[in-house]
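Colleague: Before we discuss the model, I would like each label to be set against its cut-off. Please take me through the terms one at a time.

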Amino acid sequence: MGMEKDCGLWINTLSHKLKKRMNANMQSLGLTGVQGRVMHYILVKYARGPVYQRDVESAFSLSRSTATGILQLMEKNGLIQRESVACDARLKSLIPTEKAVQLDAEIGQYLRQTELRLTQGLTDAQLTLFMEIAAQMSANLDC
């Protein structure tokens, strides 16, 4: 391969640009991009039942320590409360606050805007193919 970008470099470039845009969008709400995403995930999932840290870890492929850092900051910023579960003291349930609920409409809007911008000019077939390829690449790195 010459000097052209390989798959890994393209993924890094996309990831960096996406992170930058998400951070810029969410900054007006006092959040980082990843906090906004995690917040939205917690609110959607909370509507259907209890949410735990391990759910966030698996949904975002985060290590325990990274997830802990994000959630501690979100708790400090008044977005979630972490409550011990009666049956298992080690398990903490993540409860969105009123502040989180109020921010969610804007968070959801930023997520949709960013997704539309990212996928602009692509057909449904191209997007489906991209998702399949990304899923395969992700699986390749699991083993």
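Modeller: Let us begin with threonine 32, which is found in the loop between helix 1 and helix 2, where helices (H or I, at least four residues) and strands (E, at least two) are DSSP runs numbered from the N terminus. This is a predicted model, in which local features need pLDDT of at least 70 and side-chain atom pairs count only at pLDDT 80 or more, while totals for chains, interfaces and linings use all residues. Residues are numbered from 1 along each chain as its sequence is written, and side-chain values use heavy atoms, with hydrogens and water left out.

Colleague: Why is threonine 32 called partly exposed?

Modeller: Buried means under 20% relative accessible area and exposed over 50%, with partly exposed in between (1.4 Å probe, protein chains only). Threonine 32 has a relative accessible area of 34%, so it is partly exposed. Not counting residues up to four places away in sequence, threonine 32 touches Asn23 and Met26, contact being heavy atoms within 4.5 Å.

Colleague: What makes aspartate 55 a residue without a salt bridge?

Modeller: A salt bridge is a side-chain nitrogen of Lys or Arg within 4 Å of a carboxyl oxygen of Asp or Glu. The nearest side chain of opposite charge to aspartate 55, arginine 54, is 4.4 Å away, and therefore no salt bridge is assigned, although aspartate 55 is buried. Aspartate 55 lies in helix 3 (residues 53-60), and, leaving aside its neighbours within four places in sequence, it is in contact with Tyr41, Lys45 and Pro50. The buried residues of helix 3 pack against helix 2, helix 4, strand 1 (80-85) and strand 2.

Colleague: What makes a group of residues a nonpolar core, and which members of the largest one touch the most others?

Modeller: A nonpolar core is a set of buried Ala, Val, Leu, Ile, Met, Phe, Trp, Tyr and Cys residues joined through side-chain atoms within 4.5 Å. The largest has 21 residues, of which Met26, Met39, Ile42, Met74 and Ile107 touch the most other members. Helix 5 gives the most to this core, with 5 residues.

Colleague: How do you know what span to expect of helix 5, and where is its kink centred?

Modeller: The expected span is 1.5 Å times one less than the number of residues. Helix 5 (residues 98-119) has 22 residues and reaches 32 Å from its first C-alpha to its last, close to the 32 Å expected. Its kink of about 40° is centred on aspartate 104, the bend at a residue being the angle between axes fitted to the seven residues ending there and the seven starting there.

Conventions: Lys and Arg count as positive and Asp and Glu as negative; His and the chain ends are not counted.
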